[in-house]
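Good morning, and thank you for joining.

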Amino acid sequence: MSVVRGMLEPSDDREPMMSTQPDARPVPVDPPGVVRSPVFAQGMVLPAGPTLYVGGQNGIDADGTLLDGLGPQTEQAMRNLLAVLAEAGTDADHVAILRIFLTAGVDPTAAYEASAAVWGRRRTAVTVVAVPESRPGVLVEVEAVASVPPPAA
């Protein structure tokens, strides 16, 4: 797909989408010659407008308790992310990229399954990075960038 005057035009048989949709949803970009995953997009066009940058969310609940294990921490981090999105007037469908930081040495399988349980099967750009432990016991941290749609009229 190529960006042309605010529109995405398909360069193959993939569906065209407007890059300036009224609801400000990001548009996946999956160029020919690059694998198309059903789970993530290779890139996302984020329409102009208000943008939310969500700082690292981890597996700490509203009481300040760090949950035990990668699966529960990932689910909580995703719930925390959804709460920040909602507070800003947006939602998961408006997220352009997720950055997921996993403590080095953990098996990411539990994180993938746990994130899908909360996040669903939304296609967005995703980066997963193994990092040193940021705080004792913290196994995952998630950041996001999302568009904020205009208020309903």
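The secondary structure of this protein chain consists of two helices and eight strands. Helices (H or I, at least four residues) and strands (E, at least two) are DSSP runs, numbered from the N terminus. Read from the N terminus, the order of elements is β-β-β-β-β-α-β-α-β-β.

A word on the basis of these values. The model is predicted, so local features need pLDDT of at least 70 and side-chain atom pairs count only at pLDDT 80 or more, while totals for chains, interfaces and linings use all residues. Residues are numbered from 1 along each chain as its sequence is written, and side-chain values use heavy atoms, with hydrogens and water left out.

How much of the chain is buried? Of the 153 residues in the protein chain, 39% are buried. Here buried means under 20% relative accessible area, exposed means over 50%, and partly exposed lies in between, with a 1.4 Å probe and protein chains only.

Let us turn to the largest pocket. On a 1 Å grid over the protein atoms alone, a pocket is an open set of points where a 1.4 Å probe fits, with protein on both sides within 12 Å along at least five of seven lines; lining residues have an atom within 4 Å of a point.

Which residues lie nearest the centre of the largest pocket? They are Val 39, Ile 100, Tyr 112, Ser 115 and Val 126, out of 19 lining residues. Strand S6 (95–103), helix H2 (109–119) and strand S7 (125–131) each contribute at least two residues to the lining. Helix H2 gives the most, with six residues. By class, the lining comprises 12 nonpolar, four polar and three charged residues. In this scheme Ala, Val, Leu, Ile, Met, Phe, Trp, Tyr, Cys and Pro count as nonpolar, Asp, Glu, Lys and Arg as charged, and the others, Gly among them, as polar.

Val 39, Phe 40, Tyr 112, Val 126 and Val 128 make a nonpolar surface patch of about 390 Å². Such a patch joins nonpolar side chains (Val, Leu, Ile, Met, Phe, Trp, Tyr) within 5 Å, taking residues with over 30% relative accessible area and no salt bridge. The accessible areas come from the Shrake-Rupley method with a 1.4 Å probe.

Val 39 sits in the loop between strand S3 (27–29) and strand S4 (43–45), and its relative accessibility of 48% is why it counts as partly exposed. Val 126 belongs to strand S7 and is partly exposed because its relative accessibility is 32%.

I come now to the charged pairs. Side chains of opposite charge can pair when their charged atoms come close. A salt bridge is taken as a side-chain nitrogen of Lys or Arg within 4 Å of a carboxyl oxygen of Asp or Glu, and the count comes to four.

One of them joins Asp 30 and Arg 123, whose closest N and O atoms are 2.8 Å apart. This pair links distant parts of the chain, 93 residues apart: Asp 30 is in the loop between S3 and S4, and Arg 123 in the loop between H2 and S7. Both Asp 30 and Arg 123 are buried.

Another pairs Arg 122 with Asp 93, again with closest N and O atoms 2.8 Å apart. Arg 122 lies in the loop between H2 and S7, and Asp 93 in the loop between helix H1 (70–87) and S6, 29 residues apart. Arg 122 is partly exposed because its relative accessibility is 32%, and Asp 93 is partly exposed at 34%.

A further bridge connects Glu 143 to Arg 99, at 3.7 Å between the closest N and O atoms. It links strand S8 (residues 140–147), which holds Glu 143, with strand S6, which holds Arg 99, 44 residues apart. Glu 143 is partly exposed at 24%, as is Arg 99 at 31%.

Note on methods: Patches are made of residues with over 30% relative accessible area and no salt bridge: like charges are joined within 9 Å, nonpolar side chains (Val, Leu, Ile, Met, Phe, Trp, Tyr) within 5 Å.
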